[in-house]
Amino acid sequence: MDDTFTNLYQFSPLKILNHPDRIGDIVNKKDARPVTLEIDLSNACNMDCIWCTYKGKLKGEILIRSLVKKAIIEGRKLGIKSVVFNGGGEPLTSPHLLYAVKLASIEGLKTALITNGSLLDKNKIKDLLLYTEFIRISLDAASEKTFDLIRRPRGGRDGFQCVLENIKKFTEIRRKINSKTEIGIGYLVSHLNIQEIEKAASLARSLGADYIQFRPVCDHEPDFDDTFLKKLSHYMEGAKKYETKKFKVIFLLHRFLQKNEAEKNYSKCLANYLTAVLCADGKVYLCCQHKLNSKFEIGDLRIEHLKSILFGRERKDLIGKIDPENCPICRYDKYNEILNYLNDKKRRHTDFL
Ligand code: SF4
Ligand code: SF4
């Protein structure tokens with residue numbers, strides 16, 4: 001299976017190399033400013049996905065508007081470059097999403113939305129297309145039956161057809177208003193939906209999306225065995241046939257293969273200096289994998305400024321205590337491998353390439 005990072009486009013772990021100033025700060029033990037601020041505007045959700053990482057933690061809280069504003073303004077002053085609105089929770093259950101996206105954009109930050117794609121109408125879609133760099137809609141199925149099995153829309157509403165119609169509206173309105181927002185489909189792969197990979201690629205292309213991204217479900221499935229990986233390779237070949245110049249079929253293969261080797265190839269988590277995660281409860285957590293876990297809370301935006309949270313003692317101490325071997329497989333693993341190499345005083349012959 002080909003696993004070339006440069007073929008991963010916007011999902012390449014080499015993206016970190018675009019930020020040499022922040023990398024330098026981490027390696028030189030200076031206060032490194034995050035590149036991205038993740039904001040969970042809400043921890044309410046109209047779905048009940050079978051593998052939701054936040055199961056039992058979604059208490060229906062909505063981040064109040066004044067804190068949304070505080071995070072964006074203070075984040076911009078600190079040098080944060082982008083804001084991603086996602087969950088724990090569905091961002092569109094918050095009445096402040098459009099306000100937040102617009103404010104961040106006016107402040108000069110790049111914005112993105114990750115959504116389950118159900119709670120939308122034409123006006124919201126149009127506004128989102130005016131202010132975002134990209135929107136990713138999680139689909140995880142290519143049939144109503146599999147969607148209902150996995151995503152379990154509450155009360156049977158806001159289901160598969162509704163999400164498909166909204167993706168179509170996104171791409172049609174984008175064309176009409178000449179928006180440059182990238183529209184992608186997310187597909188978490190497990191034993192439950194692997195057989196629909198090819199159909200999902202075909203569906204995503206027919207809806208006018210720019211890409212479909214396949215990645216493994218974490219924390220739900222046992223390790224992917226050889227039989228699973230063989231099936232994946234087979235379906236991947238089928239799905240890739242739908243690629244065109246305008247439509248990409250992207251498999252995060254390094255993440256699938258990693259499932260078989262839980263151990264980490266690095267000793268320190270340095271990558272979490274590059275992001276900050278504000279949750280709907282007003283608290284800031286170390287990284288997205290540990291959202292809503294009080295052991296990984298680094299501050300409370302209701303009573304502190306973002307600067308003191310990000311550059312304070314509590315965060316540094318917590319980062320120093322982390323043993324990555326105790327963490328789940330995480331999307332910063334490759335970033336951490338790069339940063340740990342650069343942080344290693346024993347590295348040699350660096351000027352010989
Ligand atoms: S849509 Fe997201 S937040 Fe909602 S239940 Fe599914 S995984 Fe959890
Ligand atoms: S290694 Fe652990 S602490 Fe670091 S980003 Fe990954 S899950 Fe978070």
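Two residues are taken to be in contact if their C-beta atoms, placed from the backbone, lie within 7 Å. The model is a predicted one, so local features need pLDDT of at least 70, side-chain atom pairs count only at pLDDT 80 or more, and totals for chains, interfaces and linings use all residues. Residues are numbered from 1 along each chain as its sequence is written, while chains are lettered from A and ligands numbered from 1 in the order in which they are written.

To start with the overall picture, the chain has 12 helices and 10 strands; these are DSSP runs numbered from the N terminus, with helices being H or I of at least four residues and strands E of at least two. The radius of gyration, taken over C-alpha atoms, can be set against a globule rule of 2.2 Å times the number of residues to the power 0.38. With 353 residues, a compact globule would come out near 20 Å, and the chain's own 20 Å agrees with that. Along the principal axes, the C-alpha atoms fill a box of roughly 50 × 50 × 40 Å.

A residue is called buried if 20 or more other C-beta atoms lie within 10 Å of its own, exposed if 12 or fewer, and partly exposed in between, with C-beta atoms placed from the backbone. Buried residues account for 41% of the 353 in the chain. A nonpolar core is a set of buried Ala, Val, Leu, Ile, Met, Phe, Trp, Tyr and Cys residues joined through C-beta atoms within 7 Å. The largest such core holds 87 residues, and F85, A100, A200, I212 and L278 have the most contacts inside it. In soluble globular proteins, nonpolar side chains tend to be buried together.

Leaving out residues up to four places away in sequence, A200 touches L139, A142, Y187 and I212. A200 is also one of the buried residues of helix α7 (residues 197-206), along with I197, A201, L203, A204 and R205. The buried residues of α7 pack against β5 (182-189), β6 (211-216), α8 (226-240) and β7 (248-251). Just after the helix, G208 takes a positive phi of about 90°.

Strands count as paired if DSSP finds at least two bridges between them. β5 and β6 run parallel and are joined by six bridges, with I185 having I212 as its bridge partner in β6. β6 and β7 also run parallel, joined by four bridges, and here Y211 has K248 as its partner in β7. Five of the six residues of β6 are buried, leaving the strand mostly covered. In a regular strand the side chains alternate between the two faces of the sheet. Both faces of β7 are covered, with K248 and I250 buried on one side and V249 and F251 buried on the other.

K248 and I250 turn up again as contacts of Y9, once neighbours within four places in sequence are set aside. Y9 is found in the segment before α1 (20-27) and counts as partly exposed because it has 14 C-beta neighbours inside 10 Å. Its phi is near 50°, a positive value in a residue other than glycine. H349, in the segment after α12 (333-342), likewise has a positive phi, near 55°. H349 is exposed, with 6 other C-beta atoms within 10 Å. Most residues other than glycine have a negative phi, and most peptide bonds are trans. The peptide bond from G87 to G88 is cis, with omega near 20°, and G88 is in the loop between β2 (82-85) and α3 (97-106).

That brings in the ligands.
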